[in-house]
Amino acid sequence: MDDDQQFLASAGVSRCSVDGEGLCWPDPVARHFGLRDAQPLVRWLRGVRPIFRKPVFQLIRAALREGGGEATLTLEDGDGALKNMRVAARTRRDAAGRLTGDMVMVDLTGEQAEIGRLRRSMENLRLIVEYNPQLPWIADPDGRIIDFTDRWLENSGLEREEAEGNGWLATTHPDDIGPLTQRIGHSLTSGEPFDVRVRLMVNDQYRWMRAQAYPRRDEDGHIIRWYGYTEDIHESVLIEEQIRWNAEHDSLTELPNRAMFNACLDKALADAMTSFRKVGVFLLDIDNFKDVNDLMGHHAGDELLKSFAARLKEIFADDAVVARLGGDEFAILIQDVENRQQLAALANRILTIRETFFAAGRSLECRVSIGVASFPDDGRVATELLRHADLALYRAKSLGRGRMQMFEPSLLEDMQERVAMINRARTAVRDGTIISYYQPKVSLQTGELVGFEALLRWRDSCGTIRSPAEIYAAFDDHDVADMIGQTMTSQVFADMAAWRARGLPVGHVAINVSSAELRRERFAGRLIETMDRFSIQPDAIEIEITEGVFLGAGSDTVRRSIDELHRCHIPLALDDFGTGFASLSHLRSLPVSTLKIDRSFVSGVTARESDAAIVSALITLGRALNMKVVAEGVEEADQSIKLKEMGCDYAQGFYFGRPTPSENIPALIHSWNENSAVVSLNRRPASWPLRGTRGEGRPDWLTA
């Protein structure tokens, strides 16, 4: 092979001549395809594989007919490998006038393979773009769309001419055009990529899309193209909105929840601060809501909450933020308030909402209590405003419920006093200055001393004995109330054990138990353990409760505690009966052995026929239910005589003896003369003048 042939071979070029007699004269490269020197061309053609033979014949015919031609042929080399060859053929006459031919063959196999790979790559890229949910597009440096996929056009319903430039904005939701163009303008000015959410018209409906674009710069840093894509994110946006809605709303009433209300309140206060406007906040509680749940089930309670929420939304429409904070507690945010009179008028409209339920022989009327506070008069930050509205709500409920209370500075003073009471009580427990006093309980029929009621007293830092009325707020704090109860119980049992050791006929001792104690899961078990430690028998004590223990949360725990006391044969007395809380359903369902008539009726038993009639009815009811009946607050001899005539079993009060410390009890028992007591029960007036006044509006164990 000479240099020229070697050079051509390195470029994949080979040659072959056919003389006037039809014999082939190939170069060394052409021989790889079966061509041989002095080989007839016809014989070589017969060796071509039939599937590749037709294009070869077509090329030869074209060369014979037209004097030359070109074609791409597939030939098989000596190793059996197929090669793509570009073949150019021409014919001419030799000196003898015979027809001869020349062929030049160029090996395109590698080039064709590369082209094939490029085609496949381009096809893959095309399919990736076509099947990708993202719809790509290209924009010029000024943000005008210059190219996009056919699928984008199909989804938008626009023709290419309509969509090019800024025409695509025609598919944008009107509310999104302003923010979108502003964001695009910022990116065009700054050169920053942009990423926006926008609603675009797709198949005749608006869908949420995410549009992103990135700039391509030239060597000088100038933007020459924007490459972007639009992605359908409609479903994920709807899910996000649902998740956000769930996080900000109450699922039962569909009202905003506490988190959203607080956020709205913070924003309203910030706006009001700059615009010098007033803002009002209402906190609401549904009265008797727990009774609906207990007597009619939680389904009825849920229906009540939904009905109440609907009524609130009717009253306020879009003029306020109405939220459910949890349980039966609602809140209302009112912006742009003119004055307190406006708030009072709105609150009075809410007070007209009433729902009546009938269950277990009772008619339950559910009304609402409202606490009101306003910005900036009652608070300048959200926490302060809510706290003051809550104080007003607390006052509204304490005044009888079903009413509205505006915040006043005195409520804050009351709150501070309650905190001081709790601290005083906690200090008294810590310092061991809680003291048990005892008031005699007497049989009206025999004058016999049948027992005592243990009453709480505490000694202040000056050594003065104080009434529990001065720390009454402590009994609303569950932890402090429970500590006081444990201290009192231990003291009473220790006193009883000491009296028993001296052989004193004490009878039984009644112990008041607060709702805070009964709401402790371990109350009954702890009480029984303490009784065992002091060897106290069940019939030596009596547990006094008020029906108020069944109000509020934890009533199920209270009932379990009472049932456990009953299983241990510990007597139960229902205190303050007749004051408005007690119901026949509780008397029927509770294991009560003693009924205590409240002093508010006993004090007027000889002066008012109505009080006498009530007391007589309560005595008759107690006897009919096989319960012992105790009259509280007997302060005059004629009261004791009247009660005896009515058939009342027992009585206690200042007429028979004032509360006294434990060290005086032995002398009191020894000096008690049954005969003189009987005489005293039948004489007028009382055997001694009364000193001091009784507290009003508090349970006996706070004021006795």
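Here are legends for a handful of close-up views of this predicted model.

A word on the ground rules: because this is a prediction, local features need pLDDT of at least 70 and side-chain atom pairs count only at pLDDT 80 or more, while totals for chains, interfaces and linings use all residues. Residues are numbered from 1 along each chain as its sequence is written, and side-chain values use heavy atoms, with hydrogens and water left out.

**View 1. The whole chain, before zooming in.**
You're looking at 25 helices and 28 strands. Helices (H or I, at least four residues) and strands (E, at least two) are DSSP runs, numbered from the N terminus. Of the 704 residues, 45% count as buried; here buried means under 20% relative accessible area, exposed over 50%, and partly exposed in between, with a 1.4 Å probe and protein chains only. The chain exposes about 35,800 Å², and carbon and sulfur atoms supply 50% of that. These areas come from the Shrake-Rupley method with a 1.4 Å probe, and for residues only the protein chains shown count as cover. Among contacts (heavy atoms within 4.5 Å) with a separation of 6 or more, 59% are between residues 24 or more positions apart.

**View 2. An open sheet of six strands.**
The order here is S3-S2-S1-S6-S5-S4, and the pairing is antiparallel. Two strands pair if DSSP finds at least two bridges between them. S3 and strand S4 (68–76) sit at the edges with a single partner strand each, so one side of each is left without a neighbour in the sheet. Strand S1 (residues 13–18) is joined to S2 by three bridges, and Cys 16 has Pro 26 in S2 as its bridge partner. H3 lies across S4, S5 and S6, running at about 160° to S4. For such angles, axes are lines fitted to C-alpha atoms, for helices over the stretch in contact, and angles run from 0 to 180 degrees between N-to-C directions.

**View 3. The second largest pocket.**
This pocket has a volume of about 350 Å³. Of its 20 lining residues, the closest to the centre are Val 18, Leu 41, Ile 60, Leu 64 and Thr 91. Helix H2 (41–47), helix H3 (50–66), strand S5 (82–93) and strand S6 (99–107) are the elements that give two or more residues to the lining. On a 1 Å grid over the protein atoms alone, a pocket is an open set of points where a 1.4 Å probe fits, with protein on both sides within 12 Å along at least five of seven lines; lining residues have an atom within 4 Å of a point. Grid points are joined across faces, edges and corners, and the volume is the space filled by probe spheres set on the points.

**View 4. An open sheet of five strands.**
This one reads S8-S7-S11-S10-S9, with antiparallel pairing. Strand S8 (145–148) and strand S9 (194–202) are at the edges, each with a single partner strand, so one side of each has no neighbour in the sheet. On average, neighbouring strands are turned by 30° against each other, direction ignored. Six bridges join strand S7 (residues 134–139) to S11, and Pro 136 stands opposite Tyr 229 in S11.

Nine bridges join strand S10 (residues 205–217) to strand S11 (residues 223–232), and the two run antiparallel. Look for Arg 216 opposite Arg 225, and for Arg 210 with Glu 231 as its bridge partner. The hairpin has five residues between the strands, and Gly 221 takes a positive phi near 90°. Helix H7 (residues 174–190) lies across S9, S10 and S11, at about 145° to S9. H8 packs on the sheet too, touching S9, S10 and S11, and its direction makes about 110° with that of S10.

Most residues other than glycine have a negative phi, and most peptide bonds are trans. Ala 38, in the loop between strand S2 (23–26) and strand S3 (39–40), has a positive phi near 60° and is partly exposed at 37% relative accessibility. Glu 254, in the loop between helix H8 (234–248) and helix H9 (258–275), has a positive phi of about 65° and is exposed at 52%. Finally, a cis peptide bond joins Phe 375 and Pro 376, with omega about 5°; Pro 376 lies in the loop between strand S17 (368–375) and helix H13 (382–398).
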